[in-house]
Amino acid sequence: MAGPDAELTAKLEPEVPHAARIWNYWMGGKDNFQSDRAAGDAVAEVYPEIVVMARESRKFLIQAVRHLAAEAGIRQFLDIGTGLPTMQNTHEVAQGINPDARIVYVDNDPMVLVHARALLSSTTSEGVTTYVPADYHDPEKILAEAAQTLDFDQPIAVMFMGVMGYEPDLDVVRSIVTTVMDATASGSHLVLWDGTDTSPEVVAGANRLAESGGVPYILRSPEQLAGCFDGLTPVEPGLVPIPLWRPADPDAVAIDAYGAVARKP
């Protein structure tokens, strides 16, 4: 392998557990290394529901994107911290409803970027799907790069899906979200979920992740996450455990992860 992909592959560090690969393992994917599986198993020993959380997070993404594309008429999506592709990714759901939808994925993980070309090949002929290699701590770069694909004079769905727990400072989290949302037009939406400190077991799982060499994940209260939506209008049912956000399964039960969709006035 030569060229940019070779450079990215050299940065993978298979001996170091990585968040996106651990998450991929919990979701049943194959894009992970032994170090990721060991860290993932260590967390699951004390918090088995982490596998449920990983899979419920994808269901929440699908439900939210379907609502935005079909009911809110959103045709532009900015998915920040997208992680490794699995099934029914943002562009596949959105373009399945609106074939001309435009999607920008953002991630700084070398393994995610290695997979980008294969993922982009599944876009519709009418739509656009692209990747921006960037860290969410640089929202100005993200906005500048995304503006080459998205029209910021029209509504955009901004998505932070289970990634803000990797930033330890809540003020920084809110600043990132505010910077991006301030750049969007009226009628744009914020979709955000994260793990919450709502049980002793999930706290034990987060501690085990850090002990296993993974990047520490900061669990927050639902009230703290609610602050990320300040100034926005919640879409029913508001901020709730992610399986309970417009569930397709009537028997869905709460887990230690809360999310919401909210509209910019």
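Predicted model: local features only at pLDDT ≥ 70, side-chain atom pairs only at ≥ 80, totals over all residues.

Visitor: Let us begin with the helix α10. How many residues does α10 have, and what distance does α10 reach from its first C-alpha to its last?

Guide: Helix α10 has twelve residues and reaches 17 Å between its first and last C-alpha atoms, close to the 16 Å expected at 1.5 Å a residue. After α10 comes G213, whose phi is positive, near 95°.

Visitor: Which residues of α10 are buried?

Guide: The buried residues of α10 are V202, G205, A206 and L209. Viewed down the axis of α10, the buried residues fall within an arc of 100°, so they line one face of the helix. The face turned away from that buried side carries P200 and E211, which are exposed. The cover over the buried residues of α10 includes α2, α3 and α4.

Visitor: May we look at one of these residues in detail? What is V202 in contact with, leaving aside its neighbours within four places in sequence?

Guide: With those neighbours left aside, V202 is in contact with Y47, M53, T196, D197, L219 and D256. V202 has a relative accessible area of 5% and therefore counts as buried, the cut-off being under 20%.

Visitor: I turn now to the cores. Which residues touch the most other members of the largest nonpolar core?

Guide: The general idea is that, in soluble globular proteins, nonpolar side chains tend to be buried together. Here the largest nonpolar core has 46 residues, and M53, F77 and V191 touch the most other members. Helix α4 provides the largest share of this core, with ten residues. Apart from this core lies another, of 32 residues, among them V104, I142, C228 and F229.

Visitor: And what does V191 touch, not counting residues up to four places away in sequence?

Guide: On that count, V191 touches F60, A64, L68, V158, M159, F160, M161, A260 and V261.

Visitor: How many salt bridges does the structure hold?

Guide: Side chains of opposite charge can pair when their charged atoms come close. The structure holds six salt bridges. In one of them, E45 pairs with R208, with the closest N and O atoms 3.3 Å apart. E45 lies in helix α3 and R208 in helix α10, so this pair ties together parts that are 163 residues apart in sequence. E45 is exposed, with a relative accessible area of 62%, whereas R208 is partly exposed at 25%. E45, R208 and E211 are linked in a network of salt bridges.

Visitor: Which residue forms a salt bridge with E71?

Guide: The partner of E71 is R246, and the closest N and O atoms are 3.5 Å apart. This pair links distant parts of the chain, with E71 in helix α4 and R246 in the loop between β7 and β8, 175 residues apart. E71 is exposed, at a relative accessible area of 59%; R246 is partly exposed, at 30%.

Visitor: Finally, how many aromatic pairs does the structure hold?

Guide: A pair of aromatic rings is described by the distance of the centres and the angle of the planes. The structure holds five aromatic pairs. F60 and W245 form an edge-to-face pair, at 5.8 Å centre to centre and 85° between the planes. F60 lies in helix α4 and W245 in the loop between β7 and β8, 185 residues apart, and the pair links these distant parts of the chain. F60 is buried, with a relative accessible area of 1%, and W245 is buried at 1% relative accessibility. In another case, the ring centres of Y166 and Y217 are 4.9 Å apart and their planes stand at 85°, so this pair is edge-to-face. W23, W26 and W193 form one aromatic cluster.

Technical notes: Residues numbered from 1 in each chain as written. Heavy atoms only, no water. Buried < 20%, exposed > 50% of the residue type's maximum accessible area, 1.4 Å probe, protein only. Contact = heavy atoms within 4.5 Å. Core = buried A, V, L, I, M, F, W, Y, C linked by side-chain atoms within 4.5 Å. Helix = DSSP H or I, 4+ residues; strand = E, 2+ residues; numbered from the N terminus. Salt bridge = Lys/Arg side-chain N within 4 Å of Asp/Glu carboxyl O. Expected span 1.5 Å × (residues − 1). Arc of directions from axis to C-beta. Phe/Tyr/Trp six-rings, centres within 6.5 Å; stacked < 30°, edge-to-face > 60°.
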